[in-house]
Amino acid sequence: MMAESGSETKRPSRGIYLLPNLFTTSALFAGFYSIIAAQNGDFRSAGIAIIVAMVLDGFDGRVARMTNTTTAFGAEYDSMADMISFGMAPAFLMYTWSLSSLTAAQYGQLGWVIAFVYTACCGLRLARFNVAVGTADKRFFQGLACPSAAAILASFVWVMTEMGINGADLVVITAVMTLFSGVAMVSTFTYYSFKDLGTNRKVPFAMLLALLLLFVVTAVDPPKMILIAASIYGLSGPVYYIFRLLRKRNKQQQNQ
C-alpha cells in the first residue's frame with residue numbers, strides 16, 4: 001500500500017489534561033464519600049461533602065477555560081461526576097435521613113420513589129444541558145442547575161442535624177423539598193448562571209462590596225447561610241416566571 005507523498009496519518013491524542021480533571025475527580029470523590037457517610041449515619045458529613053463537591057465542580061470548568069484545556073472528554077467526565085455528586089448522593093442522603101420513614105405499610109415505597117424522581121430529573125437536566133451547549137445563552141440556565149438543587153437538600157440536612165432535629169419528624173417537608181428540587185431542574189424556569197462574573201466585563205464597585213459582605217456573613221454560620229442562599233436562588237426561577245407573566249398581562253391590558 002502506497003502512501004501519498006508528504007502526508008501523515010494523524011493519530012488522536014490519548015492524553016488528558018490533568019488540572020481540570022483533577023478538580024472533577026475530587027468532586028466525584030466528595031459525592032462518593034457523601035454516600036458512604038450517609039450509609040453510616042453520619043448525615044452532617046454527608047451534607048458537607050456535597051457542598052464541597054459543589055465548590056470543586058465550580059472550579060473545573062473555569063480552570064479548563066482559563067488554561068485553554070477544554071475538551072470533549074472533560075465535559076463528558078464532568079457530567080458523569082455530576083450525576084453521582086448531585087444526582088445520586090443528595091437523593092441517597094434524603095432517603096437515609098428522612099424519606100425512608102415513608103417506606104412503610106401505609107405509604108408503600110413512596111420514600112425511595114421520591115428519591116428516584118430527583119435522581120432521574122438530575123440525569124434529564126444534565127442530558128438537556130449537554131445537548132444545548134453552544135446554542136444556549138451562557139448567562140442563564142434553563143432549569144435549576146444540578147449543583148444548586150443538591151445544595152438546597154444538603155444544606156438543609158446539615159442545618160437540621162446541627163439543630164438535633166430528626167429527619168423522620170420533617171418527612172413531609174423533606175418530600176416537598178426533594179420533589180421541588182427535582183422538578184425545578186427539568187423545568188423551563190430561567191436562572192442567572194453568574195458565568196459572566198470574573199470575566200473581562202467590568203462590574204459595579206458595589207457588587208464587589210456585596211460579594212465581600214456575602215463571604216463574611218457566610219463565614220459566621222456556613223450551613224444556615226448556604227441554605228438561605230440556595231433556597232433563594234432555587235425560588236428565584238418561579239418568582240421571575242410569575243413576574244414575567246404579570247408584566248405580560250399588564251402590557252396586554254394596556255394595549256386593549
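## Asp221 and its partner

Asp221 has 25% relative accessibility, so the residue counts as partly exposed (buried is under 20% relative accessible area, exposed over 50%, partly exposed in between; 1.4 Å probe, protein chains only). Its side chain meets that of Lys224 in a salt bridge, at 3.9 Å from N to O. A salt bridge here needs a side-chain nitrogen of Lys or Arg within 4 Å of a carboxyl oxygen of Asp or Glu. Lys224 is partly exposed too, because its relative accessible area is 40%.

## Basis of the model

The model is predicted: local features need pLDDT of at least 70, side-chain atom pairs count only at pLDDT 80 or more, and totals for chains, interfaces and linings use all residues. Residues are numbered from 1 along each chain as its sequence is written, and side-chain values use heavy atoms, with hydrogens and water left out.

## Overall build

The protein chain has eight helices and two strands. These are DSSP runs numbered from the N terminus (helices H or I, at least four residues; strands E, at least two). Along the sequence the pattern reads α-α-α-α-β-α-α-β-α-α. The chain has 256 residues, and 36% of them count as buried.

How many salt bridges does the structure hold? There are two. Besides Lys224 with Asp221, the side chains of Glu162 and Arg44 meet at 3.0 Å, N to O. Glu162 sits in helix H5 and Arg44 in helix H2 (residues 43-66), so this pair links distant parts of the chain, 118 residues apart.

Glu162 has a relative accessible area of 44% and is partly exposed. Arg44, at 39%, counts as partly exposed as well.

## Aromatic pairs

Seven aromatic pairs occur in the structure. Rings of Phe, Tyr and Trp (its six-membered ring) pair if their centres lie within 6.5 Å; planes under 30 degrees apart are stacked, over 60 edge-to-face, the rest tilted. One of the pairs is Trp97 with Phe156. It is edge-to-face, with 5.9 Å centre to centre and 85° between the planes. Trp97 belongs to helix H3 (residues 72-97) and Phe156 to helix H5 (residues 146-162), so the pair ties together parts 59 residues apart in sequence. Are these residues buried or exposed? Trp97 counts as buried because its relative accessibility is 5%. Phe156 counts as buried at 8%.

Phe129 and Phe141 form another edge-to-face pair: 6.4 Å centre to centre, 65° between the planes. Phe129 lies in helix H4 (residues 110-132) and Phe141 in strand S1 (residues 140-142), so a helix and a strand are tied together across twelve residues of sequence. The cover of the partners is as follows. Phe129 is partly exposed at 32% relative accessibility, whereas Phe141 is buried at 14%.

## Surface patches

Which residues gather in a patch of positive charge on the surface? They are Arg62, Arg65, Lys138 and Lys195. Patch members have over 30% relative accessible area and no salt bridge; like charges are joined within 9 Å, nonpolar side chains (Val, Leu, Ile, Met, Phe, Trp, Tyr) within 5 Å. Lys195 lies in the loop between strand S2 (190-192) and helix H7 (205-220). Its relative accessible area is 31%, so Lys195 is partly exposed.

The nonpolar patch covers about 380 Å². Leu110, Trp112, Val113 and Phe116 make it. Leu110 is found in helix H4. With a relative accessible area of 36%, Leu110 counts as partly exposed.

## Two further positions

Thr24 has its place in helix H1 (residues 18-39). Its relative accessible area is 3%, so Thr24 is buried. Ala75 lies 51 residues from Thr24 in sequence, and 9.8 Å from Thr24 in space, C-alpha to C-alpha.

Phe215 lies in helix H7. At 61% relative accessibility, Phe215 counts as exposed. Met225 is ten residues from Phe215 along the chain, and their C-alpha atoms are separated by 9.8 Å.

Conventions: Areas by Shrake-Rupley, 256 points an atom, 1.4 Å probe, with all protein chains shown as cover. Lys, Arg positive; Asp, Glu negative; His and termini not counted. Charge placed at Lys NZ, Arg CZ, Asp CG, Glu CD.
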